[in-house]
Amino acid sequence: MNKRHAIKALLVVLLAAAVNPAVAWGPVSHISLSYEAGVKNGFPVSDDLLGAYLAGSTEPDVGLDDGKSEDYGVYHSEDFAKAMETVAMSKESPDREILLARAAGMRSHMAGDSAAHGKTGYAEAKIMFPDIQSGLPKHTTNELIVDMIMYDRNKEALKKQSLNFIDVDTLIEIRKEYSRMTGKELKNDRDALKKELLNHRAMVLTELSLAHHLSSSDPAKLSQMKEEYSDLNLGTTDGNGADKAVARIAEQAKSSENLSSFKTTNKGFKIKDYLNNSLLAKSMQALERGALKLTKSSAIRDSLQSFAVGKVEAGRNKAFVNFGVNLLNKDLSFKQAVVLAGKATSGYPEDQAQKLAYLEIEAEALKAQRDKAQADYNNRPWWKFWLYFTNSDKEKYEKLEAQYQAKLREIDTIRAQIAADASVTLVSDADYAAAVSECAEKAAQSDTAAGLADLQAAVDAAYKKYVAAAETQNQAAAKAAEQELNQARENLKAAMQH
Ligand SMILES: [Zn+2]
C-alpha cells in the first residue's frame with residue numbers, strides 16, 4: 001500500500017458524491033436501512049442470502065459514480081426487478097436464490113428512496129448548523145454524514161455480514177430480458193458495464209472503510225455529528241427521515257418459504273475481512289500509527305486538494321472535498337471541519353460576529369500546527385544533520401508563528417470593531433438607562449475594571465514585547481512574553497463578553 005492509494009480511494013467517494021445530487025440515500029445508508037428494517041420486521045431472505053440482498057440494496061445506483069447514468073430510471077423500476085426475477089427462474093440453485101435475493105434488495109432500495117426523494121427527503125431538507133453559512137453542497141454533505149452515522153449505529157452487526165455484488169454477464173442477461181419485456185432497447189457495452197460495476201463496488205467498500213475508520217478512530221467527532229443530526233430518524237419538519245424509509249422497506253418486503261430457509265456456501269466476501277484487509281483500511285491504520293497521517297501531512301492534503309480541484313469545478317464541490325479531508329482530521333471538531341471547508345473556497349461571511357467565529361476556528365487550527373512545528377524544531381534530532389544547513393524546520397515554525405500571530409491580530413481588530421459597533425447600537429432611552437446602571441454596577445464592583453480601550457492597548461503592548469522576545473531567540477523570555485500576551489487577550493475577551 002502507499003499513500004496514493006489512500007488518496008485515490010478517498011477521492012472515489014468524495015468525487016462520486018460531489019457530482020451526484022440525484023441520490024436520496026448514500027450506499028451505506030441503503031445497506032443500513034435494509035438491515036434495520038430486517039431486524040425490526042424480519043428479513044425477506046435467509047442469513048445465507050443476506051449478502052446478495054444487502055449488496056442488491058445499493059445496486060440501482062450503479063453507474064451514477066460519474067454524475068449521471070442513462071440507466072438510472074431502468075434500474076429504479078419495478079420492470080427491472082421483475083426482469084431480474086425472470087432471469088433468476090431460469091438458473092440453477094444457488095444462482096437462482098441469490099438473484100431473487102438481489103431483486104428483493106433492489107426493491108428495498110426503491111422503497112427506501114421513495115421515502116426520501118426530492119424536497120421532502122432528509123438529505124435535501126436537513127440544514128446543519130443553521131447559524132453558519134458553510135458554503136458546502138447541502139445534499140451531498142448530508143448524505144455523506146448520514147452514511148457515516150448509519151454505519152456507526154449498525155457497525156457490530158454489519159461487520160458480521162457479507163456483500164455479494166452482481167457480475168457483468170448476469171447484468172447483461174437481465175438488461176436483455178428487460179428490453180424483451182418492455183420493448184425498450186438498451187446498449188450493452190460489456191466493457192463499459194463492467195467498469196461501472198467495479199466502480200460501484202469500489203465506492204461502496206471505500207465508503208464502508210471510511211465510515212469504519214471514522215467510527216473507530218474518532219468517536220468524539222461521531223457523537224458531535226449524531227448530535228447535530230439528532231433528527232435523522234424522525235426527519236425535519238420539511239423532510240422524511242430514516243424511520244419512514246425503514247417502515248417503507250419493511251412494508252414491501254415479502255418473504256417466501258424458499259428464500260427464508262435457503263442455505264448456500266456462496267455468500268460473497270465478508271465486510272469484516274474487507275475492513276481488515278482493504279488497502280484503504282490498512283493504509284489508514286499505517287498512517288494512523290506512523291508519522292504520516294493522512295490529514296496531518298500537508299503534502300498529502302495538498303496533492304489531494306489540487307487533484308480534486310482539477311476534477312471538481314464548482315466552489316461548493318471543492319469545499320466538499322475539503323470537508324472530507326477535514327473529517328478525517330482528529331485535530332478538528334465536526335463544526336470546525338464544516339466551517340473551515342467552506343471558508344477555504346467561499347471566503348469569510350459578511351456578518352462580523354460570524355467572521356469572528358471563523359477567525360477563532362482558524363486560529364485554533366494554526367496554533368495546533370505552530371505548536372507541532374515548534375516542538376519539531378526544539379527537538380531536532382541529531383541525525384537530521386541537513387537541518388543545520390537548511391534550517392527548514394525553523395523556517396516552517398516561524399512561518400506558522402507569523403501566520404498565527406497575524407490571525408490573532410485580525411481577531412483583536414474585529415473584536416474591537418464589534419465592541420465599537422455594539423456601543424452605538426443602543427436603540428431606546430430604556431436601553432441607555434439600563435446600560436448606564438450596568439456600567440455603574442460594574443465600576444462599583446471593581447475599581448480596577450479597565451475600559452476596552454485600555455485592554456486593547458495592553459494587548460498591543462504585550463504583542464510588541466512578545467515580538468521583541470521572539471527575536472532574541474531566548475526561549476524562556478519568549479514563553480513568558482507569550483503568556484503575558486495570552487493573558488492580555490483573555491482579559492480583553494472576557495471584558496467584551498460582559
Ligand atoms: Zn437510488
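I took helices (H or I, at least four residues) and strands (E, at least two) as DSSP runs, numbered from the N terminus. By that rule I found 24 helices and 2 strands in the protein chain.

**Ground rules.** This is a predicted model: local features need pLDDT of at least 70, side-chain atom pairs count only at pLDDT 80 or more, and totals for chains, interfaces and linings use all residues. Residues are numbered from 1 along each chain as its sequence is written.

**Confidence.** I looked up pLDDT, the predictor's confidence in each residue, from 0 to 100. The protein chain averages 79, and 76% of the residues score at least 70. Residues 425-429 stay under 50. I found 3 contacts beyond four places in sequence for them; a contact means C-beta atoms, placed from the backbone, within 7 Å. Residues 443-450 are also below 50, with 3 contacts beyond near neighbours in sequence.

I called a residue buried if 20 or more other C-beta atoms lie within 10 Å of its own, exposed if 12 or fewer, and partly exposed in between. Of the 498 residues of the protein chain, 39% count as buried. A nonpolar core is a set of buried Ala, Val, Leu, Ile, Met, Phe, Trp, Tyr and Cys residues joined through C-beta atoms within 7 Å. The largest has 87 residues. L49, M84, A101 and M148 have the most contacts inside it. Apart from that core lies another of 9 residues, L455 and L492 among them.

**Helix 6.** What does A101 touch, leaving aside its neighbours within four places in sequence? I listed V45, L49, A52, Y53, G56 and L259. Helix 6 covers residues 95-114 and reaches 29 Å from its first C-alpha to its last. Because 16 of its 20 residues are buried, helix 6 is largely enclosed by the rest of the structure.

**Helix 5 against helix 6.** I checked the axes, which are lines fitted to C-alpha atoms over the stretch in contact, with angles from 0 to 180 degrees between N-to-C directions. Those of helix 5 (residues 78-89) and helix 6 come within 8 Å and cross at roughly 170°. That makes helix 5 roughly antiparallel to helix 6 (angles over 145 degrees count so). P94 sits in the loop between the two helices, and the S93 to P94 peptide bond is cis, with omega near 5°.

F129 is not a glycine, yet its phi is near 40°. With 13 C-beta neighbours inside 10 Å, F129 counts as partly exposed.

Key:
Two residues are in contact if their C-beta atoms, placed from the backbone, lie within 7 Å. The expected span of a helix is 1.5 Å times one less than its number of residues. Angles under 35 degrees count as roughly parallel, over 145 as roughly antiparallel, 65 to 115 as roughly perpendicular and the rest as oblique.
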